[in-house]
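Take a first look at the chains below.

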Amino acid sequence: MGRKYLALFRSAWMLSLEYRAEGVVWMMTNLMSIIMLVVWLSISHGGPVGGFSSGDFVAYYMVGLIVRQVTGVWASWGLSDDIREGALSPQLVRPIHPIHRHVAANWAEHVMRLTMLLPIVAVVLIITPDARLYLTPISIAAFMLSLLGAWLVSFLSDYAIGILSFWTSQATAFTQAMQGLKVVFSGILAPLQMFPAAMQGALNWLPFRYMLAFCNEILLGQTRDERLLFGLAVQWAWVLFFFILVRILWKLGARSYGAVGA
Amino acid sequence: MPFAFFISMAYQIEVTHLSKHYQVHEKEPGLMGSLRSFVARKYRAVKAVDDVSFNIGQGEMVGFLGPNGAGKTTTLKVLAGLLYPTSGKATVLGFTPNKRENAYLKQFTLVMGQKQQLMWDLPAQETFLVNQAIYEIPRAQYDATIKELDDLLELGPIMKKQVRKLSLGERMKCELAAALLHRPRVLFLDEPTIGLDVTMQARIREFIAEYNRRYGATVMLTSHYMADVTALCDRIIVIDKGRLFYDGNFRALIERVAPYKIIKLQLAQPTTAEALAQFGQVESCNGLTAVLHVPRATATESAARLLSQVKVEDVTFEEPPVEDIIREVFAGIGKDEARGAR
């Protein structure tokens, strides 16, 4: 499998170098986080808001940029097109599941954009005096694990939506709805601590927190010990849930694949 | 070697009572039609393949003929594991295609003239490398196969150019190469020459024939170009409206449907149709040129008689165009159905 991935990754990497214009679109998605950071900085000017100082906001949104990059997925668009136009057919007759091509494409983009993003984030964190990260071996390890989980929850939920294209030709409408919910409830708009307590309780059980905010909280030292363990358990339960969902949906979908015009 | 004999005699493709029905949603034309279809969709069952059975042995090249929408592509898709049969059974190399086991996927290929597997924005070479990894082709075998394909298809410079910058013909060559890198034992070719010019069609045909000779591969081919089928296939399967109409030797079909040869005459002096009628059925006659249909069995004899009795400037013998024959076959299907309805 390693060699297969290497080959897929290599071609995906070359493709992403072909499409440089997409970089512009990517800048726009980051703009949203930057704007929210500026908004929160101006609000927290007079003093901490909801326990967040200005420095905390900088740290939160800088870590958030990286997490958002890693959890950025768009496989459902391509998958949906492929199913509708029958372009899935050539992929289905190859001895590798089409999902691996999407994973490779996703990570090819991540690697390229992270190499650009990481230095910028590092510089901002260093020059902002009170932007502090909580860096211990445990918090770093937990962050990495949560980051992998966040990517899996994002990717698999997105893929599950893409698979709906086997039945409806407008699955991308669900993708957009999902992206909207993600912006609000994953912690991009505001750290989840800013939400009313009752809502926070609900968000602890929904998948959105585990696509972004949870990772930020770990690296800011806001979620530790048993709350950290609880979060990881819920996150990986969602990973398992979406994994099984993707498998079931795929099995059913492939059955009803019409291979239109292919 | 009775065992080897058994292997070579076993069918590689077995299709028994295969049916595939679709639910198609119908939309009336225009905006109102769209609205109506938005509120309440109408569905109609289409029998794309209806109770079709046939077997194909190893190394056979079978042409799959039928008008548009006859069910050719649907059958190929079932055999390639893309579609699940509604009823009946299909096995290829002993596998049930729709299970899509890797062991099966590694042994056949599906080439669709209208769909591509090549990555559009990269050179074809990159797709080859991905396929090498995915099909787990050992390096030495990969190099050897590439060299062979290069000899047969002259891939040299074109596999290094971005696919989107290739001509249709060049792209098809690369498409075939990508599809054959893993040396499949069974080839499903759906309109492999569509849109290509005559020379390129001939090249692709030669290549398919050569691949079949070299590897004893089994080939199932659909094409709108009759020349593809006449050049490659001894056996044809004709389906129409999802139903099997003919399965057998191509020559035999031609002799059944068109038991005549065509004689074209350039006459030295004006002659009437009546005067020529004794030699065969006169299709046209306008003074100095005439076209006759003569029964196949007595063609030589009639021609000899004709040449001795009529002053002829030039004469050519032709086989009836296969297109016409197939058209007659399908017209026959229509008649049979009309008769059945009555």
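How many bridges join strand S10 of chain B to S11(B)? There are 8, and the two strands run antiparallel. S10(B) spans residues 260-271. One residue pair can be picked out: Lys264(B) has Val291(B) in S11(B) as its bridge partner. Keep in mind that this model is predicted.

Now widen the view to the sheet. It is open and has 3 strands, in the order S11-S10-S12 of chain B, with antiparallel pairing. Strand S11 (281-295) and strand S12 (312-318) of chain B each have a single partner strand, so one side of each is left without a neighbour in the sheet. These two strands stand at the edges. On average, neighbouring strands here are turned by 20° against each other, direction ignored. Helix H12 of chain B, residues 299-309, lies across S10, S11 and S12 of chain B. Its direction is at about 150° to S11(B).

Next, go to helix H3 of chain B, residues 72-79. This helix is mostly covered, with 8 of its 8 residues buried. Among them are Thr73(B), Thr74(B), Thr75(B), Leu76(B) and Val78(B). Lys72(B) and Lys77(B) are buried too. After H3(B) comes Gly81(B), with a positive phi near 85°.

Last comes the contact between the chains. Chain A gives 22 residues to this contact, and chain B gives 24. On the side of chain A that touches chain B, helix H1 (2-18) and helix H5 (88-92) of chain A are the elements that give two or more residues. H1(A) has the largest share, 8 residues. By type, that side of chain A divides into 13 nonpolar, 4 polar and 5 charged residues.

Conventions
Residues numbered from 1 in each chain as written. Chains lettered and ligands numbered in written order. Predicted model: local features only at pLDDT ≥ 70, side-chain atom pairs only at ≥ 80, totals over all residues. Pairing = 2+ DSSP bridges. Helix = DSSP H or I, 4+ residues; strand = E, 2+ residues; numbered from the N terminus. Axes fitted to C-alpha atoms, helices over the stretch in contact; angles between N-to-C directions. Contact = placed C-beta atoms within 7 Å. Buried ≥ 20, exposed ≤ 12 C-beta atoms within 10 Å, placed from the backbone. Nonpolar A, V, L, I, M, F, W, Y, C, P; charged D, E, K, R; others polar.
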